[in-house]
Amino acid sequence: FPEPLLKEEAAVLMPLAYRRVAELFVYFYRQADRTAPRVTLAAPLGNSAASLEASASDEVSGVDRFGYEFEYRIQEGDSWSAWRVVPSSGGRAAAFDGVPGELYSFRATAVDAAGNRAWSAPREWRAGKSGAYAGL
């Protein structure tokens, strides 16, 4: 085969091969790893803005470093609101601007390479002007 033709064929076939290998990798881990990762959310830090940081581990397939998501809810009298997503970059950390005096509950989720998802235990934080009370 002439070299220009081989380069042209490689330009078409290599992306397909990469995609197929990635699909096989996910398939393998989904067969081998049926357990969710362990997820931990550190106590929120900050005054009127909370700094959130999570970590996760999975012995079989590992954790996707961009597979984290954070959620919050607000205490409304004796009950809590529904969970809402904290906008973040998808990494292990996020920032949250709170309303002074409001009590919030946060949780984090992580996904392993096999697609298993788990949530951390919730952590509470009260937004304040001059201080925050974490871990209430």
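Trainee: Which residues have the most contacts inside the largest nonpolar core?
Mentor: Keep in mind that this is a predicted model. Inside the largest nonpolar core, the residues with the most contacts are Phe70, Val86, Phe96, Tyr104 and Phe106. The core has 19 residues.

Trainee: Which elements give two or more residues to this core?
Mentor: They are β1 (38-41), β2 (49-57), β3 (69-76), β6 (93-97) and β7 (103-111). The largest share comes from β7, which gives four residues.

Trainee: What does Val86 touch?
Mentor: Leaving out residues up to four places away in sequence, Val86 touches Leu52, Phe70, Glu71, Tyr72, Ala94, Ala95, Phe96 and Phe106.

Trainee: Now the rings. How many aromatic pairs are there?
Mentor: The count comes to seven aromatic pairs. One of them is Phe96 with Tyr104, an edge-to-face pair with 5.0 Å centre to centre and 70° between the planes.

Trainee: Are Phe96 and Tyr104 buried or exposed?
Mentor: Phe96 is buried, and Tyr104 is buried too. Both also belong to one aromatic cluster, together with Tyr72, Phe106 and Trp125.

Trainee: Next, Ala50. Where is Ala50 found?
Mentor: Ala50 is in strand β2.

Trainee: And why does Ala50 count as buried?
Mentor: Because its relative accessible area is 2%, and buried means under 20%.

Trainee: What about Ala93, where is its place?
Mentor: Ala93 is in strand β6. Ala93 counts as partly exposed because its relative accessibility is 40%, and that class lies between the 20% and 50% cut-offs.

Trainee: Which residues does Ala93 touch?
Mentor: Not counting residues up to four places away in sequence, Ala93 touches Leu52, Glu53, Phe70 and Ser88. As for Ala108, 15 residues from Ala93 along the chain, the two C-alpha atoms are separated by 9.7 Å.

Trainee: Changing topic: which residues form a nonpolar patch on the surface?
Mentor: Phe1, Leu5 and Leu6 do, with about 360 Å² of accessible area together. In soluble globular proteins, nonpolar side chains tend to be buried together.

Trainee: Where does Phe1 lie?
Mentor: Phe1 lies in the segment before α1 (3-32).

Trainee: Why does Phe1 count as exposed?
Mentor: Because its relative accessible area is 82%, and exposed means over 50%.

Notes:
Residues are numbered from 1 along each chain as its sequence is written. This is a predicted model: local features need pLDDT of at least 70, side-chain atom pairs count only at pLDDT 80 or more; totals for chains, interfaces and linings use all residues. Side-chain values use heavy atoms; hydrogens and water are left out. Patches are made of residues with over 30% relative accessible area and no salt bridge: like charges are joined within 9 Å, nonpolar side chains (Val, Leu, Ile, Met, Phe, Trp, Tyr) within 5 Å. Accessible areas come from the Shrake-Rupley method with a 1.4 Å probe; for residues, only the protein chains shown count as cover. A salt bridge is a side-chain nitrogen of Lys or Arg within 4 Å of a carboxyl oxygen of Asp or Glu. Buried means under 20% relative accessible area, exposed over 50%, partly exposed in between (1.4 Å probe, protein chains only). A nonpolar core is a set of buried Ala, Val, Leu, Ile, Met, Phe, Trp, Tyr and Cys residues joined through side-chain atoms within 4.5 Å. Contact means heavy atoms within 4.5 Å. Rings of Phe, Tyr and Trp (its six-membered ring) pair if their centres lie within 6.5 Å; planes under 30 degrees apart count as stacked, over 60 as edge-to-face and the rest as tilted.
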